[in-house]
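Here's a quick walk through one model, written for someone who has it open on screen. Have a look at it first, then read on.

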Amino acid sequence: MAELGFRSVLLLLLPLLLLTSGFSHHSQAAKLNIPKVLLPLARSTKINFTLEATEGCYRWSSNRPEVASVESVDMDERQCSQRAVLQARSTQLSRLTSIILAEDVVTGQVLRCDAIVDVISEIQIVSTTRELHLEDSPLELMIHALDSEGGGTNFYTHR
């Protein structure tokens, strides 16, 4: 039996190494569309914000549902979903936080979003487009909401 040199072994293993490194590159951990969200105080008009995971099926919960509640959207037969609607419940004029958790029913991975309920003192809308036409494609906007302390959250939207 002939001895294989280092170069021969490397040439034999290279396709296997490339194949396995390709798998690890493509399988990234799931994440939420936003890690922190600023919601206005609950008033007569309720504001919904949709949380969405990049992959998986989750059971959603809030550690302080009296501050911000979370409800699954489009649940499947396993009673889990990839999306949930977040809504401010607090009417207090003080800044309150609720931790929203999403636990994957298959892997057990837990995703987190901090929901901050406070008075929104300023809203900034940023766009690179100066003029809109009806026949144009949808516009991407960045909306930055600021609380009284200057902290805030960015929302990205199309249209």
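## Ground rules

This is a predicted model, with residues numbered from 1 along each chain as its sequence is written. Local features need pLDDT of at least 70, side-chain atom pairs count only at pLDDT 80 or more, totals for chains, interfaces and linings use all residues, and side-chain values use heavy atoms, with hydrogens and water left out.

Let's start with the open sheet of three strands, ordered 2-5-4 and paired antiparallel. Strands here are DSSP runs (E, at least two residues), numbered from the N terminus, and two of them pair if DSSP finds at least two bridges between them. Strand 2 (48-52) and strand 4 (68-73) are at the edges with a single partner strand each, so one side of each has no neighbour in the sheet. On average, neighbouring strands of this sheet are turned by 30 degrees against each other, direction ignored; the axes are lines fitted to C-alpha atoms, and angles run from 0 to 180 degrees between N-to-C directions.

Five bridges hold the antiparallel pairing of strand 2 with strand 5 (residues 83-88). Glu52, for instance, has Arg83 in strand 5 as its bridge partner.

Strand 1 runs parallel to strand 7 (residues 110-118), and five bridges join them. Pro40 has its bridge partner, Asp118, in strand 7.

## The disulfide

The model has one disulfide (a pair of cysteine sulfur atoms within 2.5 Å). Cys57 and Cys80 form it, with their sulfur atoms 2.0 Å apart. Cys57 sits in the loop between strand 2 and strand 3, and Cys80 in the loop between strand 4 and strand 5, 23 residues apart. The link is right-handed, with 100 degrees about the S-S bond. Both Cys57 and Cys80 are buried, meaning under 20% relative accessible area with a 1.4 Å probe, protein chains only.

Beyond its neighbours within four places in sequence, Ser81 is in contact (heavy atoms within 4.5 Å) with residues including Cys57, Trp60 and Asp74.

Cys113 is buried too, at 0% relative accessibility.

Technical notes
Helix = DSSP H or I, 4+ residues; strand = E, 2+ residues; numbered from the N terminus. Buried < 20%, exposed > 50% of the residue type's maximum accessible area, 1.4 Å probe, protein only.
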